[in-house]
Amino acid sequence: MDSMAGIRLRDALERHQISLCLAALAAGFLAGAALPGASALQALINPAIALLLYATFLAVPFTRIRAGLLDLRFLGLLLLLNFVLVPALVFVLSRFVAHDAALLTGVLLVLLAPCVDYVIVFSALGGADHGKLLAATPLLMIAQLLLLPPFLWLFTSGSVAGLIEPGPFLEALVFLILLPLAAAAATQLLAGRRPAFRALAAGNASMVPLMLVVLFTVAASQARRVLEEGLSLAWLVPLYAVFLAVMVLAGAFTGRAGGLDYGSARALAFSGATRNSLVVLPLALALPDAGGTAAAAVVTQTFVELAGMALCIRFIPQLLPRPAGRAAGESNRRNRR
């Protein structure tokens, strides 16, 4: 009975995940705007994301991670999308804020860095092959660590590239990816030997609740920073929205043109659209002169992206549907529930 109740709860959370995500985002922003001490919640963002990724990794059989590392076509298209097509689009969009050095720096920092953390969760909720994205995360981290400084140098005439430190990227790789991944692998290994670990490994109903915690925490901790900048950030919203929409379509087209299956193509679309805002935020905060404005530009992208991802969870599966036979089978299973 408890098992059936857990399954029903998980199904209910997944059915209403979009409205729940938007509600958590709105509630967090309102709480952050009303409560002066809400910015202290920033210290909880990384632990919350680490727990969320641990719960996500538990649901990924590690044989799929090995298969993802061997899928050279997917990895090649992923690098093409994030480090050729994205920079070309970012250069065009960033010209709209080129007159403001602080805004330009924030926009470039956040849009040039592909996401490696909650994209795995959103892609899982959107029916993508998140195991392949998981396998590619170290590659994406290393590539952006190497390529972000030269891109910044090219797009800003060398004014901020030397200020970028590798520390936040390396910390994110270790604490947000490698440690949760190792913990999930150990849990799956022990699940075959100990009943307690078997129950833990099988329980993935915590994914959506943990996502709601992350969204609330990010919104509450950063709301005042965004409000302080006021109207100067307002016209970044359509810029970020255009980026997200274009990259979803570009990812879908690249996946189809490259002959990927629907799950891999969906993963490509999610990766192209999501950015590494939580990792580059410390970089923006550390800038000596206009770090506040640059950081606010990064946080604004986070709000736009989180709201957009709630829509992408529903839109990307429609853009890249499952084959008819599988879709009918899933529909029948949902009806039986």
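Me: Which residues form a nonpolar patch on the surface?
Reply: In this predicted model, the patch consists of Val174, Phe175, Leu178 and Leu179, which together have about 350 Å² of accessible area. Accessible areas come from the Shrake-Rupley method with a 1.4 Å probe, and for residues only the protein chains shown count as cover. Patches are made of residues with over 30% relative accessible area and no salt bridge, where like charges are joined within 9 Å and nonpolar side chains (Val, Leu, Ile, Met, Phe, Trp, Tyr) within 5 Å; a salt bridge is a side-chain nitrogen of Lys or Arg within 4 Å of a carboxyl oxygen of Asp or Glu.

Me: Where is Leu178 found, and how does it count for accessibility?
Reply: Leu178 is found in helix H9, residues 167-191, where helices (H or I, at least four residues) and strands (E, at least two) are DSSP runs numbered from the N terminus. Leu178 counts as partly exposed because its relative accessibility is 38%, given that buried means under 20% relative accessible area, exposed over 50% and partly exposed in between, with a 1.4 Å probe and protein chains only.

Me: What are the ground rules on numbering and confidence?
Reply: Residues are numbered from 1 along each chain as its sequence is written, and side-chain values use heavy atoms, with hydrogens and water left out. As the model is predicted, local features need pLDDT of at least 70 and side-chain atom pairs count only at pLDDT 80 or more, while totals for chains, interfaces and linings use all residues.

Me: How many helices and strands are there?
Reply: The protein has 16 helices and zero strands. Of its 337 residues, 52% are buried, and the accessible surface comes to about 14,700 Å², with 68% of that belonging to carbon and sulfur atoms.

Me: How many disulfides?
Reply: The count is zero, taking a disulfide as a pair of cysteine sulfur atoms within 2.5 Å. As for individual cysteines, Cys115 counts as buried at 1% relative accessibility, and Cys312 counts as buried at 4%.

Me: Switching to rings, how many aromatic pairs?
Reply: There are four aromatic pairs, where rings of Phe, Tyr and Trp (its six-membered ring) pair if their centres lie within 6.5 Å, and planes under 30 degrees apart count as stacked, over 60 as edge-to-face and the rest as tilted. One of them is Phe29 with Phe303, which is edge-to-face because the planes stand at 85°, with the ring centres 5.4 Å apart. This pair links distant parts of the chain, since Phe29 is in helix H2 (residues 17-34) and Phe303 in helix H15 (residues 291-319), 274 residues apart.

Me: Buried or exposed, for Phe303?
Reply: Phe303 is buried, with a relative accessible area of 13%, whereas Phe29 is partly exposed at 25%. Phe91 and Phe155 form a tilted pair, 5.2 Å centre to centre with 50° between the planes. Phe91 lies in helix H5 (residues 72-94) and Phe155 in helix H8, so this pair ties together parts 64 residues apart in sequence. Phe91, Phe151 and Phe155 form one aromatic cluster.

Me: And what does Thr137 touch?
Reply: Not counting residues up to four places away in sequence, Thr137 touches Val116, Ile120 and Ile177, with contact meaning heavy atoms within 4.5 Å. Thr137 is found in helix H8, residues 130-156, and counts as buried at 2% relative accessibility.
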